[in-house]
Amino acid sequence: MNFNFKIIINDQVTDDEIYRLRNSVGWDNNCYPFSLTKDNSFVYFAARIKKELIGFIDVVSDGYNDAYIRDLIVAKDYQNLGLGTKLMEEALQFLKQKQIKCIQVTFDSELIGFYKRFGFHIFSAGIIDKDDPTLIERKLS
Ligand SMILES: CC(C)(COP(=O)(O)OP(=O)(O)OC[C@H]1O[C@@H](n2cnc3c(N)ncnc32)[C@H](O)[C@@H]1OP(=O)(O)O)[C@@H](O)C(=O)NCCC(=O)NCCS
């Protein structure tokens with residue numbers, strides 16, 4: 001990796017920066033703003049070149065048993081240069097130091113190879129997204 005970025009733990013990150021980053025990888029902004037969820041984040045890391053946010057990773061956790069890694073994003077122009085790997089390593093190192101028992105991440109199948117590198121055991125998972133129109137809501141009685 002030969003570009004000059006900084007990874008900063010729990011850096012000040014604005015909602016607009018997150019939205020721009022999401023848009024750069026084709027993700028929509030159909031999510032609660034980070035300013036609203038930040039207080040429940042266990043840890044997050046921002047990667048910057050000068051002031052520009054070019055990478056992000058967020059972790060929610062109970063601080064003991066479980067941690068869930070989410071929103072790993074590297075801006076389109078900086079992908080495949082090792083930054084996604086570096087952000088994952090920072091997050092995993094932090095969680096290892098905190099001795100979190102179980103770390104989870106969800107991803108599309110095309111990224112199995114990327115995540116396997118970090119030692120994730122791949123198994124089936126379930127997910128309900130209340131905003132996904134393709135999901136048929138199961139009526140709970
Ligand atoms: C997935 C992502 C975070 C990887 O970050 P990155 O900085 O590009 O990844 P790295 O440079 O550290 O690693 C690159 C490796 O991952 C693989 N990889 C990256 N994106 C991939 C993709 N979409 N599909 C398949 N493999 C991918 C590359 O093939 C490469 O493998 P190689 O080293 O064998 O050539 C980045 O591509 C991204 O932000 N994608 C869009 C958002 C996303 O899908 N995030 C993951 C949410 S679970």
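Here are some notes on this predicted model, from the overall fold down to the ligand.

1. Overall make-up. You're looking at 4 helices and 5 strands, and from the N terminus on they come in the order β-α-α-β-β-β-α-β-α.

2. Size and packing. The C-alpha trace spans about 55 × 30 × 30 Å along its principal axes. If you take the contacts with a separation of 6 or more, 53% of them are between residues 24 or more positions apart.

3. The 5 strands form an open sheet, ordered 1-2-3-4-5, with mixed pairing. Strand 1 (6-9) and strand 5 (102-105) sit at the edges with a single partner strand each, so one side of each has no neighbour in the sheet. From one strand to the next, the twist averages 20 degrees.

4. Strand 1 runs antiparallel to strand 2 (residues 43-49), and 4 bridges join the two. If you want a spot to check by eye, Ile8 has Ala46 in strand 2 as its bridge partner.

5. Helix against sheet. Helix 1 (residues 15-24) lies across strand 3 (52-61) and strand 4, at about 100 degrees to strand 3.

6. Around the ligand. There are 15 residues around the ligand, and Val25, Gln79, Gly84, Thr85 and Phe107 come nearest. Strand 4 (66-74) and helix 3 (83-97) are the elements that give two or more residues to this shell. By class, the shell has 9 nonpolar, 5 polar and 1 charged residues.

Definitions and conventions: Residues are numbered from 1 along each chain as its sequence is written. This is a predicted model: local features need pLDDT of at least 70, side-chain atom pairs count only at pLDDT 80 or more; totals for chains, interfaces and linings use all residues. A residue is near a molecule or strand if its C-beta atom, placed from the backbone, lies within 6 Å of it. Ala, Val, Leu, Ile, Met, Phe, Trp, Tyr, Cys and Pro count as nonpolar, Asp, Glu, Lys and Arg as charged, and the others, Gly among them, as polar. Two strands pair if DSSP finds at least two bridges between them. Axes are lines fitted to C-alpha atoms, for helices over the stretch in contact, and angles run from 0 to 180 degrees between N-to-C directions. Two residues are in contact if their C-beta atoms, placed from the backbone, lie within 7 Å.
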